[in-house]
Amino acid sequence: MAKWQNAQQVQDVATVRPARNDAKAYRRWHYLKNRAKVLQQSKDWYLNNKERKLSKASDWAASHPDDIHRHCKKWRDSNKEHERYRNKEYHSANRCSINQKQRDRMRLHYLKNRDSLLAKNREWRQRNKAYILHQAAKRRALKKLSTVNLGMIRGWMAYIKSLPFVRCYYCSEEIRGPEIHFDHIVPLAKGGPHCIENLCVACQHCNCSKRDKSIRAWVKLGQQFLEL
Ligand SMILES: [Zn+2]
């Protein structure tokens, strides 16, 4: 259809009447000559049969899930830029509910598998005792070396904890009391200082998924909900 969209072309083709034995060209000529009428007729037909048409389409879709899935995947694969933009828009408009759903899923998974998860964790800690102690000592040393004005940090943390609620620096989620985590924006392990300017409040999800990654590396993993 695209090649007939130019109005001048439509005009040109419509003025040259093809031979009747060239059925395809004749049909095209007839269509172009009566284009407005034909389009109106088909629009009227659609409006009169809209319900029937939609219900037929949804019946077909319900009975052909694999075809729909294949078609959608093909479309998504060839429109990656559009999909990325659409996902980004959707995430920023539904950030809170997405966060909540993710939390609910994680919570449910934890409650369902609590015993096995705790056992696995215990076993891992047992097996990696030396590594854990080493990491903790390294972190303590880094913190001590890079601390700037500890008194001010303590005062700020106490003030944050006294507030009725605060918002996560990364995802803007409302957090309160024990849910409040403090995070180093540039991780200590990456040379970030332990100072007020490098600290932020974060929800458990953001803090635990970011760990000691830089924001850039964390964003690449796609585990966070913030738009950067
Ligand atoms: Zn967060």
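Predicted model: local features only at pLDDT ≥ 70, side-chain atom pairs only at ≥ 80, totals over all residues.
**Start with Phe165**

Select Phe165. Buried or exposed? Phe165 has 11 C-beta neighbours inside 10 Å, so it counts as exposed. Look at where it sits: Phe165 is in the loop between α10 and β1, the strand of residues 166–167. Now show its contacts. Beyond its neighbours within four places in sequence, Phe165 is in contact with Glu174, Ile175 and Arg176. Phe165 and Glu179 are 14 residues apart along the chain, and their C-alpha atoms are separated by 9.7 Å.

**Step back to the whole chain**

Colour by secondary structure. The protein chain shows 12 helices and 4 strands. Of its 228 residues, 7% count as buried.

Select residues 50–63. This is helix α4, with 14 residues. From first C-alpha to last, α4 reaches 20 Å, close to the 20 Å expected at 1.5 Å a residue. How many of its residues are buried? The number is 0, so α4 lies largely in the open.

Move on to residues 95–112, helix α7. Its 18 residues should span 26 Å at 1.5 Å a residue, and the end C-alpha atoms are 26 Å apart, which agrees. α7 is hardly covered: the count of buried residues among its 18 is 1.

Now take residues 150–162, helix α10. At 1.5 Å a residue, its 13 residues should span 18 Å. The end C-alpha atoms of α10 are 18 Å apart, in agreement. The number of buried residues in α10 is 0, so this helix lies largely in the open.

An α-helix has 3.6 residues a turn, so residues three or four places apart point the same way.

**Stop at Asn149**

Select Asn149, in the loop between α9 (129–146) and α10. Check its backbone. Phi of Asn149 is near 55°, a positive value in a residue other than glycine. With 12 C-beta neighbours inside 10 Å, Asn149 counts as exposed.

**Go into the nonpolar core**

Which residues make up the largest nonpolar core? Select these 7: Cys168, Tyr170, Ile175, Val201, Ala202, Cys203 and Cys206.

Centre on Tyr170. Tyr170 is in the loop between β1 and β2, the strand of residues 174–175. Its 24 C-beta neighbours inside 10 Å make Tyr170 count as buried. Draw a distance to Ala202. Tyr170 and Ala202 are 32 residues apart in sequence, yet 6.6 Å apart in space, C-alpha to C-alpha.

Then centre on Cys203. Not counting residues up to four places away in sequence, Cys203 touches Cys168, Cys171, Glu173, Ile175, Glu179 and His181. Two of these names, Cys168 and Ile175, also belong to the core.

**Finish at Ser172**

Select Ser172, in the loop between β1 and β2. Buried, exposed or partly exposed? Ser172 has 14 C-beta neighbours inside 10 Å, so it counts as partly exposed. Its phi is positive, about 65°, although Ser172 is not a glycine.

Definitions and conventions. Residues numbered from 1 in each chain as written. Helix = DSSP H or I, 4+ residues; strand = E, 2+ residues; numbered from the N terminus. Expected span 1.5 Å × (residues − 1). Buried ≥ 20, exposed ≤ 12 C-beta atoms within 10 Å, placed from the backbone. Contact = placed C-beta atoms within 7 Å. Core = buried A, V, L, I, M, F, W, Y, C linked by C-beta atoms within 7 Å.
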